[in-house]
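Please read them with the structure open.

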Amino acid sequence: MPKPPKKEFDLKAKIQKIRDSGILAQPEEKTSINPEDELLPLSGRIEKILNIFQGKPQKSTSMNYLIMYDIQNNKVRTLVAKYLLKNGCVRVQKSVFLVHSDHKKFEEIKQTLIEINDIYENQDSIILVPLNISDARSMKLIGQNVNIEQIIDPPNTVFL
């Protein structure tokens, strides 16, 4: 018997079901961290970021973007994170993603996030920031023991 076709992930439909269930109207209780919200180890995140910035030359039709969010509801936040990962975004921090995408794909992601935010009453925020290579090279990182300059623009080594 053949496998049934895999059902397409529909973020809007899932958020609509959550809204219709009334879960969003109730005060959210503190729960443990969802395992899907866990980050890759720092070395894994750095490797993914390096692949974006040091990969093949970029077409002028594509760009890097940072997507950051502050979403209160655990279920909505998890669904948005899954959606971003499915659409090729790289998780930099729990609520920060980096994506290298053409303008059309980015507009699709942006429009979906706008529609999701409009589905239910909330005080959430989602920030989408275009990021060119020169801006990425000027980023500074405070906190983790990572030198962002070596990630974006590693020094050249000469062997004599």
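1. Angles under 35 degrees count as roughly parallel, those over 145 as roughly antiparallel, 65 to 115 as roughly perpendicular, and the rest as oblique. Axes are lines fitted to C-alpha atoms, for helices over the stretch in contact, with angles running from 0 to 180 degrees between N-to-C directions. Helix α1 (residues 11-21) packs with helix α3 (residues 74-86) at about 175°, the axes being 10 Å apart; α1 and α3 are therefore roughly antiparallel to each other.

2. The model is predicted: local features need pLDDT of at least 70 and side-chain atom pairs count only at pLDDT 80 or more, while totals for chains, interfaces and linings use all residues. Residues are numbered from 1 along each chain as its sequence is written, and side-chain values use heavy atoms, with hydrogens and water left out. Helices (H or I, at least four residues) and strands (E, at least two) are DSSP runs numbered from the N terminus.

3. Which residues make the contact of α1 with α3? From α1 come L11, K14, I15 and I18, and these meet K75, V76, L79, V80 and Y83 in α3 (contact: heavy atoms within 4.5 Å). Seven of the residues in this contact are nonpolar, none is polar and two are charged. Here Ala, Val, Leu, Ile, Met, Phe, Trp, Tyr, Cys and Pro count as nonpolar, Asp, Glu, Lys and Arg as charged, and the others, Gly among them, as polar.

4. An open sheet of four strands runs in the order β2-β3-β1-β4, with antiparallel pairing (strands pair if DSSP finds at least two bridges between them). The edges are β2 (90-93) and β4 (125-131); each has a single partner strand, so one side of each is left without a neighbour in the sheet. β1 (residues 62-70) and β3 (residues 96-102) pair over seven bridges.

5. α3 packs on the sheet, touching β1, β2 and β3, and its direction makes about 170° with that of β1. Helix α4 (residues 103-119) also packs on the sheet, touching β1, β3 and β4, at about 135° to the direction of β3.

6. There are two aromatic pairs (ring centres of Phe, Tyr and Trp, its six-membered ring, within 6.5 Å; planes under 30 degrees apart are stacked, over 60 edge-to-face, the rest tilted). The rings of Y65 and F106 have centres 3.5 Å apart and planes at 5°, so the pair is stacked. Y65 and F106 are both buried (under 20% relative accessible area; exposed is over 50%, partly exposed in between; 1.4 Å probe, protein chains only).
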